[in-house]
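Please keep the sequence and the structure in view while reading.

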Amino acid sequence: MTEVDSLHRHTRKRLIVLSLVVALFLDLIPFPQPLAGWLPACTAMITLYWNLHRPKNIGIGMAFVLGLVMDVGLGTPFGQHALGLMAAVYLIEQNRHQILGYPYGYQALTIFGCLMLMTFLLVIVHFFSIHQFTGWNLFVSPFISALLWPLLSKFMLYLAYSRRL
């Protein structure tokens, strides 16, 4: 067991819930459409982070619920974000032990792949429900999110460590 695992093993559920609520609020802030594609997927990143470090608390069921909350909040077709988040969480769950052994750069590449799959599923569902392509700007968000992954990981480790003292 590494030091990171022992820090997250004692993380309180309040921190997990609070971080998910903050991420949901950040994702539900209305921005103009060209700018919205450039923003990181906060809820997806926090969900993947906690699924990676606390899989007993955040799993596919919680990803489904968070996705439905995002669908209701954003007014998108019901189940669109739920499907994308569940697929991303499933990929993380299947490769969890390998990903934890990677340095932050490789973790960011893995997160990029999961978020790109999620975005691809969102675009497909949106296309079949509205019969209109949403645009290429949605594919920028996984790049931004992957670049921010090391910062998010360090920040969450800082929060877990400061809460332990």
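## Helix packing and selected residues

Helix α4 (residues 42–53) and helix α8 cross at roughly 130 degrees, and their axes come within 11 Å. The two helices α4 and α8 are therefore oblique to each other, and α4 passes α8 in a right-handed crossing. The model is a predicted one, in which local features need pLDDT of at least 70 and side-chain atom pairs count only at pLDDT 80 or more, while totals for chains, interfaces and linings use all residues. Residues are numbered from 1 along each chain as its sequence is written, and side-chain values use heavy atoms, with hydrogens and water left out.

Some terms need their definitions. Helices are DSSP runs of H or I with at least four residues, numbered from the N terminus. Axes are lines fitted to C-alpha atoms, for helices over the stretch in contact, and angles between N-to-C directions run from 0 to 180 degrees. Angles under 35 degrees count as roughly parallel, over 145 as roughly antiparallel, 65 to 115 as roughly perpendicular, and the rest as oblique. A crossing is right-handed if the near helix is turned clockwise from the far one by less than a right angle, and left-handed if anticlockwise.

Two further helix pairs involve α6. Helix α6 (residues 80–94) packs against helix α8 (residues 104–130) at an angle of about 155 degrees, and their axes are 8 Å apart. For this reason α6 and α8 are roughly antiparallel to each other, and their crossing is right-handed. Helix α5 (residues 60–74) packs with α6 at about 150 degrees, with axes 7 Å apart. This pair, α5 and α6, is therefore also described as roughly antiparallel, with a right-handed crossing.

The surface carries a nonpolar patch formed by L18, V22, L26, I29, F31, L35 and W38, which together have about 660 Å² of accessible area. Patches are made of residues with over 30% relative accessible area and no salt bridge, where nonpolar side chains (Val, Leu, Ile, Met, Phe, Trp, Tyr) are joined within 5 Å and like charges within 9 Å. A salt bridge is a side-chain nitrogen of Lys or Arg within 4 Å of a carboxyl oxygen of Asp or Glu. Accessible areas come from the Shrake-Rupley method with a 1.4 Å probe, and for residues only the protein chains shown count as cover. Helix α2 (residues 13–28) provides the largest share of the patch, with 3 residues.

V22, in helix α2, counts as partly exposed because its relative accessibility is 43%. F25 is also found in helix α2, and at 57% it counts as exposed. L35 belongs to helix α3 (residues 33–36) and is partly exposed at 41%. I46, in helix α4, is buried, with a value of 8%. T119 lies in helix α8 and is buried at 10%.

| Pair | Apart in sequence | Apart in space |
|---|---|---|
| F25 and T43 | 18 residues | 8.7 Å |
| I46 and V22 | 24 residues | 9.6 Å |
| L35 and A146 | 111 residues | 18 Å |
| T119 and Q98 | 21 residues | 23 Å |

Definitions and conventions
Buried < 20%, exposed > 50% of the residue type's maximum accessible area, 1.4 Å probe, protein only.
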